[in-house]
Amino acid sequence: MAFLMEDFGAPNFSRIGQSAIVLECAKANAPAQHRLWALARAARRWAHVGEAVVGAGNLTLLFDRHAIDYDTLRAQLETGWAGAHDEPANERTIEIAVRYGGNDGPDLGDIAQAAGLTLEEAIALHAAANYVVSFVGFLPGFAYLDGLDERLHRPRRTTPRARVPAGSVAMAGAQSGVYPFDSPGGWHLIGRTDARMFDPDREPAALLQPGDRVRFVPA
Amino acid sequence: MNDRAITIERAGLQSLVVDRGRFGLRHQGVGWCGAMDPRSYAIANELAGNADGAAAIEIVLGDVIVRFESAARFALGGADCDAQLDGQPISTWATHAAQAGSRLVLHRPRAWMRTMLAINGGIDVPPVLGSRTTDLTAAIGGLHGRALRAGDCLGLGAAREAALRTEPEPPQIDFVLRTIAQPLGAHLWDRVWTVGHESNRMGYRLKGEASVHDLGTTPSRAVFPGFIQLPPSGEPIVLMSDAQTTGGYPLAGVVVEEDLWMLGQAPIGAEIRFVPWE
């Protein structure tokens, strides 16, 4: 499916530090995010580009400033953005088995209560949604999933936990995600999975890739 | 395969196999996790006769004993730990020759934070995703993805030519970090920041007189080592080698790449300053 450029508006470009260039979409929406994925994939093959990282409505390239100057790369990005195909919806759907609540999801009760739902209703809402991987970041294999039901949207915890166990299924704001490793974290924990979110022997190592559709299945 | 190896007899506070870093995978959430003081790392490797990028051992605050299982040349860079080789004092920033059975002892340094031990041939652990450096979060790279322990045996790569020599101009530290300002950059200048207790390889939390608070968050985007974030406290966090790949705190600035190594050598309590970089 093709989108007209008018749908996106002109992106904004800025330089951060010595070697990073950021493209920010005028509007952060699903088609813009599709275009960012495609542009990032292309940019990873460009000369003098070391990293190409998609965020929420933005793309950052880290470049070798001794080999290419900012203005040249900016022009290349502008052309790339205009010509990038909107990523066709990824056909992959990945199911993740979740043990909801109890010790595996200590915040499920609070989330349900705040939404005026029973535990069962909150679980059903989380498991009914069709999620899409918006981008991967923070930790190896941590995928930010769009698609969380509005009734479950909550700001992140005011006090982050010092240690969130690996496999914790979590939510914050409008997104859901799975902690691939033990780490500090400020999201609400509602369940846990045994799925291996990151495996260095797998190609690619992260289980969830941008564009993947994700379903959570109560175990 | 060869039988060149060392054994860690005493591992100290935190000793890690490191190289320059694991690059090109930040879009998969994989951090660089390279040497915290890349400058001392590069000098030590060069003195040891290694190619740039060979794996070395990064030692926090000394207190380490290494036994050489085979003869090997090696070099020390970074924090001066009053090192002794078989009981004889040896200098930092120089190449030395160990014999099979030699013992290298590092004491606690009086200044600086990290010592780089580069051994001729490099530490021979299998590369993971293109690097030998240790990623403690993902538990990959280095030796089994973890810090070294007493009793660990590490193989060495094939011997290379290495002259016994001394670095003529070892780096000096003044803890003045040239910084490229972002719109919130003015908040950084003209005050002393102290390295806080919660500082680690992911980030250095600085304590001091914060002039801004509760700036909220921005849409998540890529962050890199050297980026200076402003969390709600207004006290800056400088992202370091193991930093996460995306973040949503407002940015105050970016430490110039050539100066970030100094922070890797700043102990807790060290006083640092930021100055605007043209």
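Which residues point one way from S4(A), and which the other way? Let me take that strand first. A quick reminder: this is a predicted model.

A:Asn58, A:Thr60 and A:Leu62 point one way from S4(A). A:Leu59, A:Leu61 and A:Phe63 point the other way. In a regular strand, side chains alternate between the two faces of the sheet. Here, the residues on both sides are all buried. S4 covers residues 58–63 of chain A, and six of its six residues are buried, so the strand is largely enclosed by the rest of the structure.

Now its partners. Strand S2 of chain A, residues 20–24, runs antiparallel to S4(A), and five bridges join the two. A:Glu24 sits opposite A:Asn58 of S4(A). Strand S3 of chain A, residues 49–54, is also antiparallel to S4(A), again through five bridges. There, A:Val49 has A:Phe63 as its bridge partner. S3(A) and S4(A) make a hairpin, with three residues between them. Look at A:Gly57 in the turn: its phi is positive, about 80 degrees.

Next, two helices of chain A. Two packed helices are described by the angle between their axes and the distance between the axes. H3(A) spans residues 108–115 and H4(A) spans residues 119–128. They pack at about 95 degrees, with axes 9 Å apart. That angle makes H3(A) roughly perpendicular to H4(A). Who makes the contact? From H3(A), we have A:Leu108, A:Gly109, A:Ile111, A:Ala112 and A:Ala115. From H4(A), we have A:Leu119, A:Glu121 and A:Ala122. By type, that contact has six nonpolar residues, one polar and one charged.

On to chain B. The domain assignment gives domain 1 as 5–155 and domain 2 as 176–276. Over C-alpha atoms, the centres of these two domains of chain B are 27 Å apart. Their contact takes 19 residues from domain 1 of chain B and 14 residues from domain 2 of chain B. On the domain 1 side, helix H1 of chain B, residues 38–47, gives the largest share, three residues. That side of domain 1 of chain B divides into eight nonpolar, seven polar and four charged residues.

Last, the two chains together.

Methods. Residues are numbered from 1 along each chain as its sequence is written. Chains are lettered from A and ligands numbered from 1 in the order in which they are written. This is a predicted model: local features need pLDDT of at least 70, side-chain atom pairs count only at pLDDT 80 or more; totals for chains, interfaces and linings use all residues. A residue is buried if 20 or more other C-beta atoms lie within 10 Å of its own, exposed if 12 or fewer, and partly exposed in between; C-beta atoms are placed from the backbone. Helices (H or I, at least four residues) and strands (E, at least two) are DSSP runs, numbered from the N terminus. Two strands pair if DSSP finds at least two bridges between them. Domain bounds come from an automatic or database domain assignment. Two residues are in contact if their C-beta atoms, placed from the backbone, lie within 7 Å. Ala, Val, Leu, Ile, Met, Phe, Trp, Tyr, Cys and Pro count as nonpolar, Asp, Glu, Lys and Arg as charged, and the others, Gly among them, as polar. Axes are lines fitted to C-alpha atoms, for helices over the stretch in contact, and angles run from 0 to 180 degrees between N-to-C directions. Angles under 35 degrees count as roughly parallel, over 145 as roughly antiparallel, 65 to 115 as roughly perpendicular and the rest as oblique.
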